[in-house]
Amino acid sequence: AILSISPARRMCFDLRRHTLENQGRLASSPVRGVMGLKAELLPHQIYLAHEIANRPVARALLCDEVGLGKTLEAGLILHHRMLNGLCKRALILTPTNLQHQWLVEMLRRFHQHFALINESVYQELYEDDDNPFEQQPLVIAPLEWASSHPRALQDMLSAEWDMVVIDEAHHLNWHPETPSQDYQTAALLAQTTESLLLLSATPEHTGEEEHFSRLQLLDPDHYYDFERYKTQKNE
């Protein structure tokens, strides 16, 4: 039947077949979502993103030095999991001065359209009993504002997230008796979200005990006792 069609229709048929075959190969590629973005990646970024993104639960502390691409690594992991159906709703919490930078980077590098929800946007979107955080699948929000705004915090926590990314995680100040509001917010999200990425260029800058507190957010079953952690680290 194929031989009987006209040459022009045969060319269209072959083009469609080759296109579908190529799409199939791309969809089954082990680096789908990791390669092809608008940036020159370093080898360790590709390895790290692929390793973390393919875990059943992606929980990690990304702590490259300043300028070595922690934002790209987090974006790669998120992008990979979204393309492969492992993540549909994501929340990125940033310092106030970095919210627009994250918004631009996620759109420019990954073509991911995030919604920015800060104080002014929240007031515009909040109507009756609607939750602005539930209305958007991909959200960027300033952590300091969300932690200090009771209604917005409750709305953010009640929305279900597949992945949470927290930038500048070394600002999550913690003390056994007086954890900061930001840390308490991160802890609540860590308890209800499967995948969690913490980004920090200086993870031990604020002291070993606070560094342990951030590891505890990622894996409370393993990091449950600070003295035990110090002993194991020094062995």
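Predicted model: local features only at pLDDT ≥ 70, side-chain atom pairs only at ≥ 80, totals over all residues.
Student: How many helices and how many strands does the chain have?

Tutor: Both kinds of element occur in this chain. The count is 11 helices and 6 strands.

Student: What percentage of the residues count as buried?

Tutor: Buried means under 20% relative accessible area. The chain has 235 residues. Those that count as buried make up 44%.

Student: What part of the contacts with a separation of 6 or more comes from residues 24 or more positions apart?

Tutor: Take the contacts in the chain with a separation of 6 or more. Residues 24 or more positions apart account for 71%.

Student: Where does Gln112 lie?

Tutor: Look at α4 (99-110) and β3 (115-116). Gln112 sits between these two elements, in the loop.

Student: Is Gln112 buried or exposed?

Tutor: Its relative accessible area is 11%. The cut-off for buried is under 20%. So Gln112 is buried.

Student: Which side chain makes a polar contact with the side chain of Gln112?

Tutor: Leaving out residues up to four places away in sequence, Gln112 touches Met82, Met106, Leu107 and Leu138, as well as His79. The polar contact, at 2.9 Å, joins the side chain of Gln112 to that of His79.

Student: Is Cys87 buried or exposed?

Tutor: Cys63, at 37% relative accessibility, counts as partly exposed. Cys87 has 4%. Buried means under 20%, so Cys87 counts as buried.

Student: How many disulfides does the structure hold?

Tutor: A disulfide needs two cysteine sulfur atoms within 2.5 Å. The number of disulfides in the structure is 0.

Conventions: Residues numbered from 1 in each chain as written. Heavy atoms only, no water. Helix = DSSP H or I, 4+ residues; strand = E, 2+ residues; numbered from the N terminus. Buried < 20%, exposed > 50% of the residue type's maximum accessible area, 1.4 Å probe, protein only. Contact = heavy atoms within 4.5 Å. Polar contact = N/O pair within 3.5 Å; in protein donor to acceptor, adjacent residues only side chain to side chain.
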